Amino acid sequence: MRDTKARLARTDFPAIRRRGVTTLQLNLGYLCNLSCVHCHVAAGPNRRELMDRDTVDTAIEFMTRHSIETLDLTGGSPEMNPYFRDLVRAARARGVHVMDRCNPTILGEPGYEWVAGFLAEQAVEVVASLPCYSEQNVDAQRGRHVFERSIAALQQLNRLGYGQPDGELALNLVYNPLGATLPPPQGALEDDYRAHLRDEYGIEFNHLFTLANMPIKRFGSMLLSRGEFGDYMTLLKNAYRRDNLAAVMCRYLISVDWRGRVYDCDFNQMLDMPLGAPDAGGVHLADLLNQELDDAPIHVGEHCYACTAGQGSSCGGALNGAA
């Protein structure tokens, strides 16, 4: 896999600073039951990196000391970490809202039949990947039969009460473009998703998040292999909107890798751009238990243009220039 990091380090992206930390995002490991073309983590069934119990306990302590409002769990497939349920229970017991960035096919994997019921029991917000409502496009990006399995999983979540207009269990979907293009307008695409999934499969969901593909890891390597990297970066930079800077996720979130090292965002994590001095190995979450990060500078690179292009793109979908 070809690395894009050297092409992204030098940048003219504006300097920005953190506003505080209300969201703790944990990457519980790179183990996943799928190997998706667009995956900026390069996760897959053969990855063995998983967050250990000590780091999970540190995260629980950090949530308590810093009055964290949202725990954002990602991977890989975060549910494949053996401490996933203990972490979720601890967060919910402390009144923390939990988001599970879920690859819906995990609900049908042998040994993971517990996932859907557990998420509903703990009132976890499910953010499920469904990069298109077309079977052909989803399977091209994620693998054969992934669309069929994803539809079955979403129907299972609906039966548990997820995604209902007047319900309390939130089910949000995530769209990624198939290639080197920007996402279409989020509102219009959400309407298309809702109509198609409801009419064809009886599926209900709350919101659709549109995310721009990051020019890193598998997707970045693919761009280089196809000779499209330069054109994609030009597309991102030409579509830059300064208004989006106010709402990018790194302003209120820290991202923690499976080893406990801390980053400004999930994308910096994948580029090995940690908080602190990189030559010192970065900062561990345990080092921040008694430290505030308000107004701290944020590490930026050329990849940051993917979050600020057009309608904007962050972990919560389009930013729309929100202040």
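View 1. Y201 is partly exposed, with a relative accessible area of 28% (buried means under 20%, exposed over 50%, partly exposed in between; 1.4 Å probe, protein chains only). F147, by contrast, is buried at 2%. This is a predicted model, in which local features need pLDDT of at least 70, side-chain atom pairs count only at pLDDT 80 or more, and totals for chains, interfaces and linings use all residues. Residues are numbered from 1 along each chain as its sequence is written, and side-chain values use heavy atoms, without hydrogens and water. The whole structure holds 11 aromatic pairs (rings of Phe, Tyr and Trp, the last by its six-membered ring, with centres within 6.5 Å; planes under 30 degrees apart are stacked, over 60 edge-to-face, the rest tilted). The rings of F147 and Y201 have centres 5.8 Å apart and planes at 70°, so the pair is edge-to-face.

**View 2. F219 and Y232 form an edge-to-face pair.** Their ring centres are 5.6 Å apart, with the planes at 75°. F219 is buried, with a relative accessible area of 1%, and Y232 is buried at 1%.

**View 3. R85 sits over the ring of W114.** The charged end of R85 is 3.7 Å from the ring centre (CZ of Arg or NZ of Lys within 6 Å of the centre and within 35 degrees of the ring normal). Ring pairs join W114 with F84, Y112 and F118 in a cluster.
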